[in-house]
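Hello,

Here is the structure I promised to pass on.

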Amino acid sequence: MTLTAANPATAQIPTEGLPDLLYRRRKSLGLRKHEVAEVLNVHKDVVGLWERGEHQPRVKYIPALIEFLGDESWLPNGSFEARLYRFRARRGWSQERLARWLGKDERSIRHWEGGNGPGHAELDLIESRLAAWEGEKCSP
């Protein structure tokens, strides 16, 4: 579902997820795209692409987006692969950084985020490590 802007030259804005949250937050603060871009350290055109849902932000920008929005509900959650990605994205970590922190290889992280999760014993170990980090807010 999308909102049609009053100006036909303006792209349609999705009414859910990150695009909606970003657009509404920017408007509620009375900011222009270039001002949000400065806060997020991206080009103003990138803000427009995100607002229109044409591109997803790179993981390295997600912590700044969460802080700007005060909301992370748009990040995937639920399945193991979604929780793993969410954990990594909230910190702005690459798959390589998460792999190092877990003592695994980057290819494993890629497979797990792609839906090919680890075996039960390894899954339990990883889940407990992620939960401990969330509970203690410790640093790697």
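Arg 25 lies over the face of Phe 68, with 5.7 Å to the ring centre; a charge counts as sitting over a ring if NZ of Lys or CZ of Arg is within 6 Å of the ring centre and within 35 degrees of the ring normal. Arg 91 is likewise placed over the face of Phe 87, at 3.8 Å from the ring centre.

A word on the basis: this is a predicted model, where local features need pLDDT of at least 70 and side-chain atom pairs count only at pLDDT 80 or more, while totals for chains, interfaces and linings use all residues. Residues are numbered from 1 along each chain as its sequence is written, and side-chain values use heavy atoms, leaving out hydrogens and water.

The structure has eight aromatic pairs (rings of Phe, Tyr and Trp, the last by its six-membered ring, with centres within 6.5 Å; planes under 30 degrees apart are stacked, over 60 edge-to-face, the rest tilted). Phe 80 and Trp 112 are edge-to-face because their planes stand at 65°, with the centres 6.3 Å apart. That pair links distant parts of the chain, 32 residues apart: Phe 80 is in helix H5 (residues 80-91) and Trp 112 in helix H7 (residues 106-113). Helices here are DSSP runs (H or I, at least four residues), numbered from the N terminus. Both Phe 80 and Trp 112 are buried (under 20% relative accessible area, 1.4 Å probe, protein chains only).

Phe 87 and Trp 93 also pair edge-to-face, at 5.9 Å centre to centre and 85° between the planes. Phe 87 has 3% relative accessibility, so it counts as buried, and Trp 93 is buried at 5%. Ring pairs join Phe 87, Trp 93, Trp 101 and Trp 133 into a cluster.

Best wishes

How values were computed: Helices (H or I, at least four residues) and strands (E, at least two) are DSSP runs, numbered from the N terminus. Buried means under 20% relative accessible area, exposed over 50%, partly exposed in between (1.4 Å probe, protein chains only).
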